[in-house]
Amino acid sequence: MLDIHSLNKQYIAGSWVDGKSTRTLSDKNPYNGEVITEFKMATTEDVDAAYSAAQAAMGEWNQINPYQQRDILENAVTYIDAHEEEITNLIIDELGGTRLKAAFEIGLVKNMIKEAATFPLKKEGKILPSVENGKENRLYRMAAGVVGVISPFNFPFFLSVKSIAPAIGAGNGVVLKAHEETPIVGGTLIAKIFEEAGLPKGLFNVVVTDISEIGDSFVEHPIPRIISFTGSTGVGRHIAQLAAKHFKKPLLELGGNSAFIILDDADIDYAVNAATFSRFTHQGQICMSANRIIVHQSVYDEFISKYRDKIASLKTGDPRDPNTVIGPVVNERAAQTLKALIEKGIEQGATPLLKGDISGNMVEPTILTDVTSDMAVAQEEMFGPVVSVITFETDEEAIRIANDANFGLSGAVHTSDGERGVQLAKQVHTGMIHVNDITINDEPIVAFGGEKQSGLGRLNGEWSLEEFTTLKWISINYGQRQFPY
């Protein structure tokens, strides 16, 4: 049985302890405002202890047989399977996620851990020839060092595990700073899972705190060699600068402004369903969500009529209700940010085809039409159930509109001619784009990452193994080199 009140501690060096701060962090249900539990915040002293524990435990972890390492990681999946209903309820209560969202996220987590469990058996080196007689060059794939992970609030279970499990599978110690809005699902729940799986004490640590308490110490600490951050572009820019200053590698998955392009030969009914899922899953609080629907003028009337009807039918409310599609956004500040963006869009000339009410953390769906690329609602990431619709007349115009953004994370193209879609997709400056599919895609063995201000680096599969390891050249001379002096 998962007891919430046993998960409201820091997890450092294999022990569940209160943070050393005198301040507390209240973990609240975003739907009804109820306090789920409270944490005593971690301090810079706690951060130091966590990093030191991770560094010390790496030696023990890398002495364990790779097949046993694999088994330990697979134990984590077994634990999740046994507690899936309890984890589902935690996602509903702490994130405001629906049951559908919870099932989606848990499935992603299990697949990611299963892939990471193969990493201990994939750390292959090379033997290379030398220009010197009697010499052999060896390349060893080594753990990069301790990894600091900073996770977001929207998919905190998955987007934490997405870095944690591969980093551990590659041989590294890890310290996670959980987001203050989701300290259990994105933090201590994961610690409990890996503790029960049999991970060596200290290899994985979780600190729950906020920046006002620890400042930049999590990134600037001398131990971590990699900082993996998922969150806003503004914060990501700051973290990248700090990491580079201290010669650490930043891995960044940042904001998105994905374009969902509907060509003149698209299956409109299918496109309506795909565009709805791409925008409104988890209240639009996904970096890959379709912010902009870019639709050909010839099919606009049919699409927009069916799209409006579809979205108007989505149930908004209590995420515990299995019929609810749209639950609360993370907090009232996020709701008010969306309200201000909608009002700004209307002031700039957008037409609200559907305008939902905003009350507290609840934001009903809004569709803005007559949008142009220079409007704020087309340029900024709208992290909620609000969507902009833009029309075009030629494929070239669709490409230009799609590329007229500072972000480049995901996208989609809908057409009855798959190769036409692929050729168009190649010209959209984004790290990922999907033909006749949704914008929200993440698979454990396929390279994931963005272009432009959407991030740095690639994760998943062999790319995660590459990111979380380093190559060490060791040569051996079986003879003796001849020297010129």
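# A chat about a predicted model

Trainee: Hi! What does the UniProt annotation say about residues 16–474?

Mentor: The unreviewed UniProt entry annotates residues 16–474 as "domain: Aldehyde dehydrogenase". Keep in mind that this is a predicted model. Within it, that span is 40% helix and 21% strand, and its end C-alpha atoms lie 40 Å apart.

Trainee: Okay, and how is the protein divided into domains?

Mentor: There's domain 1, made of 4–255 + 454–473, and domain 2, which covers 258–435. Their C-alpha centres lie 31 Å apart.

Trainee: How many residues of each domain are in contact with the other?

Mentor: From domain 1 it's 21 residues, and they are in contact with 24 residues of domain 2.

Trainee: Now the inside. Which residues touch the most other members of the largest nonpolar core?

Mentor: Those are F157, F194, F204, I262, I293 and Y307, in a core of 117 residues. Both domain 1 and domain 2 give residues to this core, so it lies between them. There's also a second, separate core of 32 residues, with L338, V371, V377 and I401 among them.

Trainee: Let me pick Y307. What is Y307 in contact with?

Mentor: If you leave aside neighbours within four places in sequence, Y307 is in contact with V272, A275, T276, R279, F280, I293, I367 and V387.

Trainee: Changing topic: which residue does UniProt list for "active site"?

Mentor: The unreviewed entry lists E253. You'll find E253 in strand β11.

Trainee: Does E253 count as buried or exposed, and why?

Mentor: E253 counts as buried, because its relative accessibility is 7% and the cut-off for buried is under 20%.

Trainee: So what does E253 touch?

Mentor: Not counting residues up to four places away in sequence, E253 touches L159, K162, F229, T230, G231, C287, L409, F448 and S454.

Trainee: How many cavities of 30 Å³ or more does the structure hold?

Mentor: Four. The largest cavity holds about 100 Å³ of space. Its lining has 15 residues, and E253 turns up again: L251, L252, E253, L456 and L459 lie nearest the centre. The elements that give two or more residues to that lining are α5 (156–169), β10 (226–230) and β11 (249–253).

Trainee: And the largest pocket, how much space lies in that?

Mentor: About 1100 Å³. The largest pocket is lined by 40 residues, and F153, H179, G231, S232 and V235 are the ones nearest its centre. At least two lining residues each come from α8 (217–220), β10, α9 (233–245) and α12 (332–347).

Trainee: I clicked on S151. Where is S151 found?

Mentor: In the loop between β7 (147–150) and α5. S151 is buried, with a relative accessible area of 3%.

Trainee: Which residues does S151 touch?

Mentor: Setting aside residues up to four places away in sequence, S151 touches S160, L176, K177, A178, H179, G186 and T230. Two of those names have come up already: H179 lies among the residues nearest the centre of the largest pocket, and T230 is touched by E253.

Trainee: One last thing: which residues of helix α14 are buried?

Mentor: In α14 (residues 395–403), the buried ones are D395, A398, I399, I401, A402 and N403. They pack against β12 (258–262), β13 (290–296), β18 (386–392), α15 (418–425) and β22 (451–452).

How values were computed. Residues numbered from 1 in each chain as written. Predicted model: local features only at pLDDT ≥ 70, side-chain atom pairs only at ≥ 80, totals over all residues. Heavy atoms only, no water. Core = buried A, V, L, I, M, F, W, Y, C linked by side-chain atoms within 4.5 Å. Buried < 20%, exposed > 50% of the residue type's maximum accessible area, 1.4 Å probe, protein only. Domains from an automatic or database assignment. Contact = heavy atoms within 4.5 Å. UniProt positions renumbered as here; feature names shortened; annotations may be inferred. Helix = DSSP H or I, 4+ residues; strand = E, 2+ residues; numbered from the N terminus. 1 Å grid on protein atoms, 1.4 Å probe; cavity = no way out; pocket = protein on both sides within 12 Å on 5 of 7 lines; lining within 4 Å. Points joined across faces, edges and corners; volume = space filled by probe spheres on them.
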